[in-house]
Amino acid sequence: MFTKVLIPAAALALLAGVAAAETYTVEMLNRGEAGAMVFEPAFLQAQPGDTITFVPTDRSHNSATIGELLPEGAEPWDGAINEEVTVTLTEEGLYAYQCDPHAAMGMVGLIQVGAPTNLEEVTAAADDLRGKAKNRMTELLTQVTE
């Protein structure tokens with residue numbers, strides 16, 4: 001009897017964990033609420049296991065991680081121009097990303113997954129970004145919660 005109850009209970013617990021994962025959509029836009037060449041939302045808070053889909057609502061955009069501005073052990077992504085890219089974020093920390101052709105115009109974004117384990121590294125690296133990318137990333141970092 002105990003086994004008959006335990007196995008279904010364990011299966012339900014596993015399914016509950018899978019069902020708890022969220023899916024988010026980030027649009028790549030020529031113009032949005034924050035101005036020209038933006039991701040909307042540009043800042044997102046997620047949890048490990050959540051999935052993000054970047055949608056090229058306007059043409060000539062992509063989503064790609066910025067260098068090594070990822071949590072330790074996280075997988076980078078490099079979406080093609082005009083193509084949707086979907087990523088599942090498994091490691092806690094900050095994931096900085098950009099639109100490759102429009103990064104200098106400030107088309108950057110930031111995702112916080114759980115605790116911001118690499119906040120110092122991303123904050124320091126934001127100083128190395130150029131032009132509007134630096135200003136926008138600095139602004140996005142103010143939305144990070146500890």
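I begin with a pair of glycines: G32 stands opposite G35 in strand β2. Please bear in mind that what you see is a predicted model. The two strands concerned, β1 and β2, form a hairpin with two residues between them. Strand β1 covers residues 23–32 and runs antiparallel to β2, to which five bridges join it. Another of the paired positions involves L29, whose bridge partner in β2 is V38.

Let me turn to a residue in strand β4. T53 belongs to this strand, which comprises residues 51–55. Is T53 buried or exposed? Its relative accessibility is 12%, and because the limit for a buried residue is 20%, T53 counts as buried. Setting aside residues up to four places away in sequence, T53 touches Y24, T25 and V26, and also E84, V85 and T86.

I now come to some details of the backbone. In strand β2 we find M37, a residue that has a positive phi of about 50 degrees although it is not a glycine. M37 is buried, at 14% relative accessibility. A second residue other than glycine with a positive phi is S60, where the value is near 75 degrees. S60 lies in the loop between β4 and β5, the latter being residues 64–65. With a relative accessible area of 39%, S60 is partly exposed.

Which form does the peptide bond from E40 to P41 take? This bond is cis, and its omega is near -5 degrees. P41 itself is placed in the loop between β2, residues 35–40, and β3, residues 43–46.

Helix α2 spans residues 119–126, and helix α3 spans residues 131–141. They pack at an angle of about 155 degrees, with their axes 9 Å apart. Angles over 145 degrees count as roughly antiparallel, and therefore α2 and α3 are described as roughly antiparallel to each other. Their crossing is left-handed. On the side of α2, the residues that meet α3 are L119, V122, T123 and A126. Their counterparts in α3 are K134, M137, T138 and L141. By class, this contact of α2 with α3 has five nonpolar, two polar and one charged residues.

Leaving aside neighbours within four places in sequence, L119 is in contact with L94, L141, V144 and E146. How far apart are the C-alpha atoms of L119 and P71? They are separated by 9.2 Å, while the two residues are 48 residues apart along the chain.

That concludes my presentation. Thank you for your attention.

How values were computed
Residues numbered from 1 in each chain as written. Predicted model: local features only at pLDDT ≥ 70, side-chain atom pairs only at ≥ 80, totals over all residues. Heavy atoms only, no water. Helix = DSSP H or I, 4+ residues; strand = E, 2+ residues; numbered from the N terminus. Buried < 20%, exposed > 50% of the residue type's maximum accessible area, 1.4 Å probe, protein only. Contact = heavy atoms within 4.5 Å. Pairing = 2+ DSSP bridges. Axes fitted to C-alpha atoms, helices over the stretch in contact; angles between N-to-C directions. Parallel < 35°, antiparallel > 145°, perpendicular 65-115°, else oblique. Left-handed = near helix turned anticlockwise from the far one by under 90°. Nonpolar A, V, L, I, M, F, W, Y, C, P; charged D, E, K, R; others polar.
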